[in-house]
Amino acid sequence: MKPSRWLDVALSLALLAYPRAFRRRFGDEIRRDFHTLGTQGTSGPQHTQGKSGTSGTVDTLARLIAAGFAERFSAISRWLFWPTQRQHLYVPTGRRHMFWDTLRSDVQHTLRLARKSPVVSLLTILTLALGIGATSAIFAVVDSVLVKPLPYADSDRLVSVWSDATRQGRPRNTISPANFRDFQRMNQTLDGLEGYFSFVTPFEMAIEGPSEVVVGMWVTPRLFDLLGRTPLIGRAFNGQAGTLEAIISYGFWQRRFGGDPAVVGRTVQVANNPITIVGVMPHDFTFPYGSMLGPSGFTRATAVEVWAPIAFEGPVATLNRMLTAQGQLVRGTHWFGAVGRMKPGLTVAQVQADMSTVARQLEQSYPETNAGWGATVVTVLDQTVGNVRAPLLVLLTGVACVLLIAAVNVANLVLAGSVARQRELATRVALGAGRARMIQQALTEGLLLGVVGGLAGLVLARWGVAALVALAPPDLPRVQEVTPDVRMLAITVAISVLTGVLVALLPALTALRVAPQAALQEHSRGTTGGTLRNRARAGLVVAEIALAVTLTIGAGLLIRSFVSLLSVNPGFQADHLLTWQMNLPDRLRTQNERIEFYREFLTRMRALPGVISVGGTTRLPLGSTGLTTFIDIDGRPRPTAEWPEVQFRRAIGDYFQTMGIPVIRGRTFAGTDGPTAPPVCVVNQTLAARLFPGEDPVGKRVRNGQTQPWITVIGVIGDIKHGALEETPEPEMYVSHLQGQVVSPYIVLRTSGEAADMVDLVRAEARAIDRDLPVYRLQTMETVRSESVAQRRFILVLVASFGVLALALAAIGVYGVMSLLVSERTQEVGVRLALGAAPADVMKTLVLQAMRFALAGIVVGVAMSLVLMPLLRAQLYAVQPRDPLTLAGVPIALMLVAALAALMPARRAMRLNPVEALRYE
Amino acid sequence: MRWIAVSACNLFDTPPVYVLKAYRLKAHMDRFRAEAFLPLTPVAFEILLALADGEQHGYSIMREVSDRSSGAITLHPGTLYRALARLLESGLIDELDERPATGHDDGRRRYYRLTERGIAVARAEAERLASQLTAARNRKLLRPVGAASPRTRT
């Protein structure tokens, strides 16, 4: 093709920027001028001089396009704002110009009507805005959390790999270091498998001045490469063994180093070891998400600030207890998480099959440790957000319900408006308006409402998203990544249009039925075409009430679950308890030094005014996850692989007494159970019942390793809820801190006054006891308990507010319809009153009519609930999805609301003066 | 990229700069009042000036304006035809029904000429500018008439 041909095409495309009529009128001239400019080149007008041919042409084209869009916009604005003031040079042409003309007049007509009743219009738009805004906001959250790819390269190829502890029924168990190395080496389907510790580690970091605790994470050196993310500055780990390196998070970099790029290469002290910071990760990088951590962990905190490379040999490996006494990698203890990248084109099922094969080979090679251990592969996205998917979808359904109710409400209002405009519509039809025309008008009205409501809703949605992010519990994964974006905008537009159509649907249908003759003959009383319209209106109210009933029943079930959850006895007394975690100073190297430290620490804490008792443990109930061990029972020899698994914790000081955990049998630890005394332990009721059914466990002996000494059971304590309030207790055993090492204990302090008042005192005393004793996560047990149900509460608060909103909207709907009914029946009521009907009877009739609507809605709603609520089962606790109390209570409440909503218009009817009412005849 | 700024201005500043500023006034109502169109945009005035000599087609208007203002005002096809459209709409210029007989190079082009109204508006605008000019001279911002000025065309 010749260059001029290309230019022609380019010019034609550029001209498309102009309105068609303008193009038709001036297109030829512009085309000719363009070519003249091109051929004359530098000898042409002065303004093109000095430019080379190509850039001049491009410049001209760009200016043409810009002018074209400007013309389009000015045409639109003139069309909108000054449509009739001046005859336009070019009249709109083409098939659709009639459409635009009528559209304009419809828009103007709707605006005129809206201006006539500003309050109703405002309410309508507000209702829609609330519905659309709430839906968009929840959608944005659901989209960001559940749908958007994780902040890793090509994240849909990433999988989480776990050990499958088939015998314990835990498909996603952590992996042992040795098994991890074998998975890494032997798999055929992964482009790489990297590991991390399945818990965060408190690093005691001294940068300048006293040490502080930062949240650390041990990861294998190539993890960042596997995830496809590189540090913002600096470099990733290079995998050289023996170097002490760390990568820090963006937030930590900003907070602690003020964003200074010179931080790379800096050396800081972590637990008195010099560590070099080699890189800073970008701010959108998160690893791991809370739900990627396995069942064992030190804290719930998940915002990792420092990553350190795992070494499989050398002193760091020893420090991390990864090597056995013989210097081999540990195979029997599990604490690794793993992320792998699937080879392109493979499915999760194929990787699963491959990993299962590897696990079977390991079972054969190491039956002692690996019997009964398989492998589980899930996508990383599923691992991260799988457990919040159901609650979030419940939320989305709830909010969609609210939107639907709002739309129905508005449809009702519009329908009522069209009753008032019956004669206008009839006149239009009489003057020859066709069906298409009537439908177009109704649609225009609906869409206009939808669009205006959507615009306002967009503002609300932005605020809503900000509010949701602020309100969301921190353990809701990815919630910090939620931002209003283009996708939210798109969904808002879609919802608005859909709502508009929905709102317009019934008015459009009833507009079709207008019979002009009848409507125009009859005076003021719009009953023609009324049957359909009344039926439609009744249908709308019934639908609205049904939706409200369903939503409220859902909310009611959640509330009942939450209440019964809160009243669950956790097994300890949560009031007047203060708790914190701390790291023992590193200078305490030996067990004796530690025992001495604890002795002094506990004595001084107990001596504080207002303190009743002090204790500590390694795993705080409701505040940390567990760590398990396998035990051998004296007199019942079994292969190691079949040893029962129990939760393993240590107790410090008067732990059981401080927590208020009852002692059922025997005794708890005493000062005499020291390091040299025979090993003893305390077990909980579940362990006693499961391992020693029908026997007295006190005096029995267990051990947690074939080379370990036997431990005598000295007492049985009550069960406590450890992981979460809704959990069934697991078998637990406690060992005294005098007979083991505790370096990062949780301390609990029972106070006589308000626990929260003791915070400053405790902090000061801890500093006084030892300058190097970082105290963190200092909070009351009530807070810990309340945080453990934060996610449930978040969902509950939202669903409950949706329920309230739905009830209010339904009440408004009933009120609107009843008002209309009353005003329509003014004459009838007048006649009745004139003929001697008692005002109370009139009121009763009207209220009963409303009750009929409500009853129909309730029947439908309860039926819907019976079908739908079982889907909610996973979110419920101690309540059946078809809980009779809720299923009966909500309808009664709704009946009351409907009766109240109907009462006001009915009273108005009752007070009618028959003379006045009949005068309008 | 100046044209981006210009088009952005068009977006928000209705009526846009290229369009007669008087657009909003009801100039077409009642009787014609030339003052209602004032002030004209520079581009509109330049076009009216260019047409004052006689009918011209679009391209020659463009050249004439560019030459006369020594490149100070450069018209661009997009700008030019938008302004022409507005002037046509307001009846300040109109289009020749038949092509001029001779002396013109291109018979296929459309030719535009001033209407009576156009002449009146151009004159009113010129007077307005002249009075501003006089005011500027009185305040010694400009040299008096007759004194040599570097900007005077020769």
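This is a predicted model: local features need pLDDT of at least 70, side-chain atom pairs count only at pLDDT 80 or more; totals for chains, interfaces and linings use all residues.

Select Pro288(A), in the loop that runs between β9 (273–280) and β10 (306–309) of chain A. The peptide bond from Phe287(A) to Pro288(A) is cis, with omega near -10°.

Now go to chain B and select Pro39(B), which sits in the loop between α1 (2–12) and α2 (42–52) of that chain. For context, most peptide bonds are trans, and most residues other than glycine have a negative phi.

The next two stops concern phi. Return to chain A and select Arg478(A), in the loop between α14 (435–471) and α15 (486–512). Its phi is near 70°, a positive value in a residue other than glycine. Is Arg478(A) buried or exposed? With a relative accessible area of 4%, Arg478(A) is buried, because buried means under 20%.

Then select Arg777(A), which belongs to strand β24 (residues 775–780) of chain A. Phi is positive here too, near 50°. Arg777(A) has 27% relative accessibility and counts as partly exposed.

Next, show helices α3 (residues 58–68) and α4 (residues 77–89) of chain B. Their axes come within 10 Å and cross at roughly 110°. Angles of 65 to 115 degrees count as roughly perpendicular, so that is the term for α3(B) and α4(B). The crossing of α3(B) past α4(B) is right-handed.

Which residues of α3(B) meet α4(B)? Select Gly58(B), Tyr59(B), Ile61(B) and Met62(B) on the α3(B) side; on the α4(B) side they meet Pro77(B), Leu80(B), Tyr81(B) and Leu84(B).

Zoom out to all of chain B. It has five helices and three strands, in the order α-α-β-α-α-β-β-α along the sequence. Of its 154 residues, 44% are buried. Chain B exposes about 8,600 Å², with carbon and sulfur atoms supplying 52% of that area.

Finish with chain A, which has 27 helices and 24 strands. Its C-alpha trace spans about 105 × 100 × 55 Å along the principal axes. Of the 921 residues in chain A, 51% count as buried. Among contacts in chain A between residues at least 6 apart in sequence, 81% join residues at least 24 apart.

Technical notes
Residues are numbered from 1 along each chain as its sequence is written. Chains are lettered from A and ligands numbered from 1 in the order in which they are written. Side-chain values use heavy atoms; hydrogens and water are left out. Axes are lines fitted to C-alpha atoms, for helices over the stretch in contact, and angles run from 0 to 180 degrees between N-to-C directions. Helices (H or I, at least four residues) and strands (E, at least two) are DSSP runs, numbered from the N terminus. Angles under 35 degrees count as roughly parallel, over 145 as roughly antiparallel, 65 to 115 as roughly perpendicular and the rest as oblique. A crossing is left-handed if the near helix is turned anticlockwise from the far one by less than a right angle, and right-handed if clockwise. Contact means heavy atoms within 4.5 Å. Buried means under 20% relative accessible area, exposed over 50%, partly exposed in between (1.4 Å probe, protein chains only). Accessible areas come from the Shrake-Rupley method with a 1.4 Å probe; for residues, only the protein chains shown count as cover.
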